[in-house]
Amino acid sequence: MPFELDRVVPWSRSFDEYVRMFALGDKELAGRILGCGDGPASLNSEATERCIVVVSCDPIYAYSASEIEQRVSETRKVISSEARPNEADFLWTYFRSVEEPGEVRLRATRFFIEDFPGSEGRYREAALPRLPFIGQEFDLALSSK
């Protein structure tokens, strides 16, 4: 049976995954970045540690860090239970095993959870297509959804 999710779920990606997925180089990372639908990804927290300016938007930021962490935990159980029987359907070039994505995503969530409280406006409760920004505030917009 194919792996299907019937709704959008909070699932984390790491800074490295964003860099690889969007082929981000020094030029892109030097500008102001808007992350749309980032959820509990560690893009913002890891970028901030590297002095890269990122503002992340997602409706999930209406929730507390502990509520988001709980939702990610529930999502991990669902994805883990679906991934194992569908292991042959995945292309294993970035991750080496069916367990590794869960481990990487859990680590990314931990970075996010530590950074989210008191993040001084770097996480904004918002969703496409209507964002609370004036034009030309960002040099690059990313959406991993």
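**View 1. Cysteine 36 and its closest cysteine sulfur in the predicted model.** The sulfur of cysteine 36 lies 5.1 Å from the closest cysteine sulfur, that of cysteine 57, which is too far for a bond. A disulfide would need the two sulfur atoms within 2.5 Å. The count of disulfides in this predicted model is zero. Cysteine 36 is buried, at a relative accessible area of 6%.

**View 2. The largest nonpolar core.** Eleven residues make up this core: Phe15, Tyr18, Leu24, Leu29, Ile33, Ala41, Leu43, Ala47, Ile52, Val54 and Leu142. At least two of the core residues come from α1 (15-21), and at least two from α3 (43-49). Apart from neighbours within four places in sequence, leucine 43 is in contact with Arg13, Phe15, Tyr18, Asp38 and Val54. In soluble globular proteins, nonpolar side chains tend to be buried together.

**View 3. Arginine 50 over phenylalanine 15.** Arginine 50 lies over the face of the phenylalanine 15 ring, at 4.1 Å from the ring centre. Phenylalanine 15 is itself one of the eleven residues of the largest nonpolar core, and it is also in contact with leucine 43.

**View 4. Arginine 71 over tyrosine 63.** Here the charged end of arginine 71 sits over the ring of tyrosine 63. The distance to the ring centre is 5.4 Å.

**View 5. The aromatic pair of tyrosine 61 and phenylalanine 116.** The structure holds eight aromatic pairs. In the pair formed by tyrosine 61 and phenylalanine 116, the ring centres are 5.6 Å apart and the planes make an angle of 40°, a tilted arrangement. The two residues are 55 residues apart, and their pairing links distant parts of the chain. Tyrosine 61 lies in the loop between β2 and α4 (65-83), and phenylalanine 116 in the loop between α5 (100-115) and β3. Both tyrosine 61 and phenylalanine 116 are buried. Ring pairs join Tyr61 and Phe116 with Phe112 and Tyr123 in a cluster.

**View 6. The aromatic pair of phenylalanine 133 and phenylalanine 138.** The ring centres of phenylalanine 133 and phenylalanine 138 are 5.1 Å apart. Their planes stand at 85°, so the pair is edge-to-face. Phenylalanine 133 is buried, with a relative accessible area of 18%. Phenylalanine 138 counts as buried as well, at 18% relative accessibility.

**View 7. The loop between β3 and β4, with proline 129 and glutamine 136.** Proline 129 lies in this loop, between β3 (123-124) and β4 (140-143). The peptide bond that leads from leucine 128 to proline 129 is cis, with omega near 10°. Glutamine 136 is found in the loop between β3 and β4 too. Although glutamine 136 is not a glycine, its phi is positive, about 70°. Glutamine 136 counts as exposed, at 80% relative accessibility.

**View 8. Cysteine 51 in the loop between α3 and β2.** Cysteine 51 is found in the loop that runs between α3 and β2 (54-57). Its phi is positive, about 65°, although the residue is not a glycine. Cysteine 51 is exposed, with a relative accessible area of 70%, whereas cysteine 36 of View 1 is buried.

Note on methods: Residues numbered from 1 in each chain as written. Heavy atoms only, no water. Core = buried A, V, L, I, M, F, W, Y, C linked by side-chain atoms within 4.5 Å. Buried < 20%, exposed > 50% of the residue type's maximum accessible area, 1.4 Å probe, protein only. Helix = DSSP H or I, 4+ residues; strand = E, 2+ residues; numbered from the N terminus. Contact = heavy atoms within 4.5 Å. Phe/Tyr/Trp six-rings, centres within 6.5 Å; stacked < 30°, edge-to-face > 60°. Lys NZ or Arg CZ within 6 Å of the ring centre and 35° of its normal.
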